[in-house]
Amino acid sequence: MIDADGLRSFEERVAQAFNDGKIRAPVHLYSGNEEVMIKMFQDISSRDWVLCSWRSHYQALLKGVPAEEVFSEIIAGRSISLCFPNYRMFSSAIVGGILPIATGIALAIKRERRVERVHCFLGDMTAESGIAHECVKYSTNHDLPIRFIIEDNGQSVCTETFPTWGMLASSFENCSNSKIVYYQYENTYPHAGAGVRVQF
Amino acid sequence: MYFDELKRAMEWLAGHDDTIFLGQAVAVPGTAMSNTLTGIAQEKLMELPVAEEMQMGMSLGLALAGQVPISIYPRFNFLLLAMNQLVNHLDRIGQISNFGYSAKVIIRTSIGSERPLHPQHQHVGDFTEAFRLMLGNIQVLRVEEPEDIFPAYRQAYERKDGQSTLIIEYGDYLSEK
């Protein structure tokens, strides 16, 4: 499995390519959560499903997709919806879009008594949306083989998640639901791009 | 008869191991569509809460995992609440995945009946042409006559291109044709 330095190096390579004008599409980069992500994937098997939002390079690499394959998809402009069917990975650039899809996959797994799980990564703003509450409630009450991994960096694009909702903290901080994994991190990259204005 | 053909089509679909019916008033009575499902084994019927977008996303998820969902929206107006999943995900699943994923979902909806009772204007919408304009990959079929019904559902199930089908029924025809 790729290590923390490998993850950071990969994002730096993407950042450089983006700043050099070699990627004619948005990219959303991770930083600051490498160790927690590696730990997360120690509990994810190759037959499990991983669903992500528009920020998903780390998940693809940790799921085992070869770095060059991930990189070429990013260069081709598909960073925000990286999908690798052979690795059971699906991403979407629509807020909350993956949650009911993940729920449906988990429902199929349970109905067919398959030994697989679903791991659904979502941000702090998505976690407060209506579709998140529906899917978490349904999955929890029906004990579907799924966990929702909430990655809280406090922001949605440039909007501060909790003040806009009139909240002090995430609804899921200190949550006792076994279907929920919650962690906080600070991302040094901006929401999109790599910090340099690129003129095409 | 229109109703009989719908019932026949649903029972034919239910005869396949990989199908599952989901929606509101699917496993229990409650809508005109419920009556077309009465001959189907309960384990094939998944009653869902009223959560239209979640239902459409779950249908896509079920399809990705190898099942063929028949996702039921008793009125066209209700299907509007599932548009995000329908347009942004199910219809675009090929493009966003570089044609790595496909998903065969059968979506069943109906233009609400107006006779003998008119349920007023939030229940009788017909958005067929708007949906055709928005959906580039999902086939949109209207079943006007009883003889259209079974072939439409059979084609939706047997299609090999991995695409989904939206089949639009007419509430009034359940008693008129």
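Student: Which helices do the buried residues of H4(A) pack against?
Tutor: This is a predicted model, in which local features need pLDDT of at least 70, side-chain atom pairs count only at pLDDT 80 or more, and totals for chains, interfaces and linings use all residues. Residues are numbered from 1 along each chain as its sequence is written, chains are lettered from A and ligands numbered from 1 in the order in which they are written, and side-chain values use heavy atoms, with hydrogens and water left out. Contact means heavy atoms within 4.5 Å. The buried residues of H4(A) pack against two partners in chain A: helix H1 (4-19) and helix H3 (57-63).

Student: Which residues of H4(A) are buried?
Tutor: Buried means under 20% relative accessible area, exposed over 50%, partly exposed in between (1.4 Å probe, protein chains only). Helices (H or I, at least four residues) and strands (E, at least two) are DSSP runs, numbered from the N terminus. In H4(A), residues 67-75, the buried ones are A:Val70, A:Phe71, A:Glu73 and A:Ile74.

Student: How many residues of strand S6 of chain B are buried?
Tutor: Take S6(B), residues 165-170, face by face. On one side B:Thr165, B:Ile167 and B:Glu169 are buried. On the other, B:Leu166, B:Ile168 and B:Tyr170 are buried too. The strand is mostly covered, and the buried count is 6 of 6.

Student: How many bridges join S4 of chain B to S6(B)?
Tutor: Two strands pair if DSSP finds at least two bridges between them. S4(B), residues 106-111, runs parallel to S6(B). B:Ser110 stands opposite B:Glu169. The number of bridges joining S4(B) to S6(B) is 6.

Student: Which helix joins S5(B) and S6(B) in a right-handed β-α-β unit?
Tutor: S5(B), residues 139-142, runs parallel to S6(B), with 4 bridges. Right-handed means that, with the strands pointing away from the viewer, the path from the first strand over the helix to the second runs clockwise. The helix in this unit, residues 146-158 of chain B, is H7.

Student: What area is buried between chain B and chain A?
Tutor: In contact are 27 residues of chain B and 28 residues of chain A. Buried area is the accessible area (1.4 Å probe) that two parts lose on being put together, summed over both. Carbon and sulfur atoms give 67% of it, and the total is about 2,200 Å².
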